[in-house]
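I am opening my notebook on a structure that is new to me. Please look along with me as I jot down what I find.

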Amino acid sequence: MHAKRRRRALLAAAPWMFTIGFFVLWEILVRVTGMSTFVLPAPSVIAEALWQFRGPLSLHSFHTAWMTLAGFVIAVVFGLLLGMALGASRLVHAGSYPLLVGFNAIPKVAVVPILVIWFGVGWLPPVLTAFLISFFPIVVNVATGLATIEPETEDVLRALGASKRDIIVKVGIPRAMPYFFGSLKVAITLAFVGSVIAEYNASNFGVGNLMARASADFNVPLLFAALIALAVLGVIMYAATAIVEKRMTGWAQRSQMASA
Amino acid sequence: MQAFVDIHDVTHIYSGAEDGAPAVEHMTLAVREGEFAAIVGPSGCGKSTVMKLATGLQFPAKGTVVVGGEEVTKPVKLAGMAFQNPVMLPWRTTLDNLLLPLEIVQPHRSRLRRHKAEYVARAEHLLAEVGLAGQGAKFPWQLSGGMQQRASLCRALIHEPKLLMLDEPFGALDAFTREELWCIIRDLHAEQGFTVILVTHDLREAVFLADRVFCMSARPGRIIAERHVDLPRPRDLEIMYTAAFTDIVHELRGHIADARQAA
Ligand SMILES: Nc1ncnc2c1ncn2[C@@H]1O[C@H](COP(=O)(O)OP(=O)(O)OP(=O)(O)O)[C@@H](O)[C@H]1O
Ligand SMILES: [Mg+2]
């Protein structure tokens, strides 16, 4: 009994211990080897930079978050619509799938120069890159949810005289929701990658741009501080979508709920 | 009297079948209104196909299917169906699952919103009849397999269909739950007088419930024998231990064995 409780306390403490341990090890490694700050700054130096540049860092982080969210929202709307069209119509599915796959195979970084030519340097390239990079998983998931209705369910409804539309509204869409919300976690992460990449290359603002400038100045501590800011931002956005997913599709997580 | 479900000389080939071989061939089957018919046969012989043909989910390549005096050219709109897998929608409560057919079938569809209370009462009455009183608020995944199967039976009956199609609905249940559900379906049939077509692997189930049992041949399926079950109704579970009952089961067993031999 006692050992069990200790084990549980240990398990709860483990994430903290490992995280702190990681940074402590890093600090020791840098100090012992006397590594230059230009190569790998110690965590203490990064913390200093974080504090020193807290103003610009938070400002640019907010901007990046906005770019990511804007691209993400467009991706959600577009992904839902296209996913439904794909899932509901075999013709649309068969016709557009090769195009979609081909499009998805393009590394989206390669699109940024084209976006710059079209829209110039500014807020549009990050938003559009975030959108382009993140809509695909949403489309695929929504389409899959719609297309994998159990044949028996469909039979039950069709024998009642249900139209195709009835079946999509009553079964397809609710069924696709867990797939949809599950894909949001992937999509937001991708959107984040997209906006930062585009900011790095084609913007005067945002964490990506801050990093581009820090890199030109060889300000390595600031570069790492920006990385930390990105990590925090990424975790927040991921966690937010994970919470939304859990809220919206409790029934799909029934196994966990039942055991809780 | 004209048959309620009349499948006449039907041959069906699935469009997805690679070999192009028919699933059923020269199939003829007539079920009277209010009759309880059972179909037995070897696995893969086309029993589920007959269900799909009778409900307009598939259309025959040859022959005619007439249900309720009309030739079937589209899904029939009047059939309740239940399968081996209860296929309840997990995001709806059991009660809402039961109401689903009413959201599809007219005239309930347009009445449902205004007369919700009346329909909910009907659903709860049905739930009580299958021994699920007060379970409507639970989600299907909070029910056991047997309870889900009862609920799926209720869903098949909620819109008071004239035709009930049961495709091995008791197959996955334990022996006791199965017998309990036999009695439930027996009583519902006696009470409401709908027409039932039951597909089953279990000869005792077929003989206990049905007025007539049809035996199918191996694929391509057709009816090779038809047995009128003249046991008096209402039938008690005890009847399964009488000689008359066992004789019929035995006779049907012989037909199935022949069908499998021939395959
Ligand atoms: N959608 C389909 N496409 C192609 N062939 C099919 C399809 N559905 C069934 N078949 C074939 O038709 C034949 C009859 O199938 P059916 O499902 O009617 O059999 P069954 O008698 O219900 O079998 P079981 O007792 O195992 O449920 C089988 O050989 C099967 O392979
Ligand atoms: Mg079958």
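How many residue pairs are in polar contact across the interface of domain 1 of chain A and domain 2 of chain A? I looked this up and found two such pairs, both at pLDDT 80 or more. A reminder to myself: this is a predicted model.

**Entry 1: the two domains of chain A**

I noted the bounds next: domain 1 of chain A covers 1-31, and domain 2 covers 40-251. On the domain side, five residues from domain 1 of chain A touch seven residues from domain 2 of chain A. Between the centres of these two domains, taken over C-alpha atoms, I read 33 Å.

I then checked the area that domain 1 and domain 2 of chain A bury between them, which is about 520 Å². Carbon and sulfur atoms give 74% of that area. In domain 1 of chain A, the residues that lose the most area to domain 2 are A:W26, A:E27 and A:V30, and together they make up 77% of what that side buries.

I also searched for salt bridges between domain 1 and domain 2 of chain A, and the count is zero. Sorted by class, the side of domain 1 of chain A that touches domain 2 has three nonpolar and two charged residues, with no polar ones.

**Entry 2: where chain A meets chain B**

Now I turn to the two chains. I found 19 residues of chain A in contact with 26 residues of chain B. The two chains bury about 2000 Å² between them, and 73% of it is on carbon and sulfur atoms.

How many salt bridges does the rule find across the interface of chain A and chain B? It finds two. Side chains of opposite charge can pair when their charged atoms come close. I looked up a salt bridge between the side chains of B:E103 and A:K170, with 2.8 Å from N to O. Across the interface of chain A and chain B I also have three residue pairs in polar contact, both residues at pLDDT 80 or more.

Which elements of chain A give two or more residues to the side that touches chain B? They are helix 7 (151-158), helix 8 (164-202) and helix 11 (254-259) of chain A. Helix 7 of chain A gives the largest share, six residues. By class, I wrote down nine nonpolar, two polar and eight charged residues for the side of chain A that touches chain B.

**Entry 3: chain B by itself**

Chain B has eight helices and ten strands. Its C-alpha atoms fill a box of roughly 55 × 45 × 40 Å along the principal axes. I compared its radius of gyration with the globule rule: a compact globule of 263 residues would have a value near 18 Å, and chain B has 18 Å, so the two agree.

**Entry 4: a few side chains in chain B**

Over all chains, the count by the rule comes to 16 salt bridges. In one of them, B:E35 pairs with B:R212, with the closest N and O atoms 2.7 Å apart. This pair links distant parts of the chain, 177 residues apart: B:E35 is in the loop between strand 2 (24-31) and strand 3 (36-40) of chain B, while B:R212 is in strand 9 (residues 212-216).

B:R227 sits in strand 10 (residues 223-228) of chain B.

Conventions: Residues are numbered from 1 along each chain as its sequence is written. Chains are lettered from A and ligands numbered from 1 in the order in which they are written. This is a predicted model: local features need pLDDT of at least 70, side-chain atom pairs count only at pLDDT 80 or more; totals for chains, interfaces and linings use all residues. Side-chain values use heavy atoms; hydrogens and water are left out. Domain bounds come from an automatic or database domain assignment. Contact means heavy atoms within 4.5 Å. Buried area is the accessible area (1.4 Å probe) that two parts lose on being put together, summed over both. A salt bridge is a side-chain nitrogen of Lys or Arg within 4 Å of a carboxyl oxygen of Asp or Glu. A polar contact is a pair of N or O atoms within 3.5 Å; within protein, one must be able to donate a hydrogen and the other to accept it, and residues adjacent in sequence count only if both atoms are side-chain atoms. Ala, Val, Leu, Ile, Met, Phe, Trp, Tyr, Cys and Pro count as nonpolar, Asp, Glu, Lys and Arg as charged, and the others, Gly among them, as polar. Helices (H or I, at least four residues) and strands (E, at least two) are DSSP runs, numbered from the N terminus. The radius of gyration is taken over C-alpha atoms; the globule rule is 2.2 Å times the number of residues to the power 0.38.
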